[in-house]
Amino acid sequence: MDNDPIERLIGLLAKTPGLGRRSARRAVLRMLMRPHETMLPLAEALTEAARAVQPCGICGNLDAQNPCGICRDPQRDRHLVCVVEGVAELWALERAHAHRGLYHVLGGVLSPLGGIGPEDLSIQPLLSRIAAGGVEEVIVALPATVDGSATAHYLTDRLKPTGVAVTRLAQGVPMGGALDVLDEGTLAAALRARRPV
């Protein structure tokens, strides 16, 4: 079975988030029915993305250019930086069209049980960005979980001496909720109703 290209493809697709083996099997069957229309363009796009996409050296977003399109956009409010857990949350906020400032991807949240401490996150680069000047407000847009809240408190303590305003997302984001699964209206309302920490 290891040499069977169909089973190999099903196995690889089944490893992607949101797809189990049954869904992967259905997707593979549909693609195999029209390989020149679906499979070959998909294979090209996957290869191109694997070669070209990289983390932005400024914010941590994923893009084919460095710095990313958001950091290069002259229309963005450079006084406002929204701190998110990961790229999925950044993309969710972008889909909501609710934030016109810049971003900073932490790469996770503090998790003592998971062995993730401050040194494992992109906190120092955030502090360096603020020390360079120009940032007036940092929006802490982390999940409403125990680890997200602990990370938000830690960041607030680290950011207070810098003099920048620190705000958090307002209510509306449910406890235990992840930003990348919320609808755009909830995200937009939460950003508009942010409050000082």
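Strand β3 (residues 77-84) runs parallel to strand β4 (residues 101-105), and five bridges hold the pairing on record. For pairing, DSSP has to find at least two bridges between two strands. Helices here are DSSP runs of H or I with at least four residues, strands are E runs of at least two, and both are numbered from the N terminus. This is a predicted model, where local features need pLDDT of at least 70 and side-chain atom pairs count only at pLDDT 80 or more, while totals for chains, interfaces and linings use all residues. Residues are numbered from 1 along each chain as its sequence is written, and side-chain values use heavy atoms, with hydrogens and water left out.

## The nonpolar cores

The largest nonpolar core counts 45 residues, and Val84, Leu93, Val138, Leu155 and Leu169 have the most contacts inside it. Elements giving it two or more residues include β3, α5, β4 and β5, along with α7 (146-159) and α8 (184-192). A core of this kind is a set of buried Ala, Val, Leu, Ile, Met, Phe, Trp, Tyr and Cys residues joined through side-chain atoms within 4.5 Å. Buried means under 20% relative accessible area, exposed means over 50%, and partly exposed is in between (1.4 Å probe, protein chains only).

Take Leu93: leaving aside residues up to four places away in sequence, its contacts (heavy atoms within 4.5 Å) are Cys82, Val84, Ala98, Tyr103, Ala141, Leu187 and Leu191. Another core, of five residues, lies apart from the largest one, with Ile10, Leu13, Ala24 and Met31 among its members.

## Cysteines and a loop residue

There are zero disulfides in the structure, a disulfide being a pair of cysteine sulfur atoms within 2.5 Å. Cys68 is in none, and its nearest cysteine sulfur, in Cys59, sits 3.7 Å away. The sulfur of Cys71 also has Cys59 as its closest cysteine partner, at 3.7 Å, so it is too far for a bond. Cys68 is buried at 0% relative accessibility, and Cys71 is buried at 9%.

Over in the loop between β6 (165-168) and α8 sits Asp183, partly exposed at 43% relative accessibility. Its C-alpha is 7.9 Å from that of Ala96, although the two are 87 residues apart along the chain.

## Salt bridges

The model has seven salt bridges, each a side-chain nitrogen of Lys or Arg within 4 Å of a carboxyl oxygen of Asp or Glu. One joins Glu7 and Arg25 at 3.2 Å, N to O. That pair links distant parts of the chain, with Glu7 in helix α1 (residues 5-14) and Arg25 in helix α2 (residues 21-33), 18 residues apart. Glu7 is buried at 18%, whereas Arg25 is partly exposed at 39%.

Arg34 and Glu37 form another, with the closest N and O atoms 3.5 Å apart. Arg34 is exposed at 51%, and Glu37 is exposed at 55%. Arg76 meets Asp73 at 3.9 Å, N to O, and Arg76 is buried at 6%. Through shared partners, salt bridges join Asp73, Arg76, Glu94 and Arg100 into one network.
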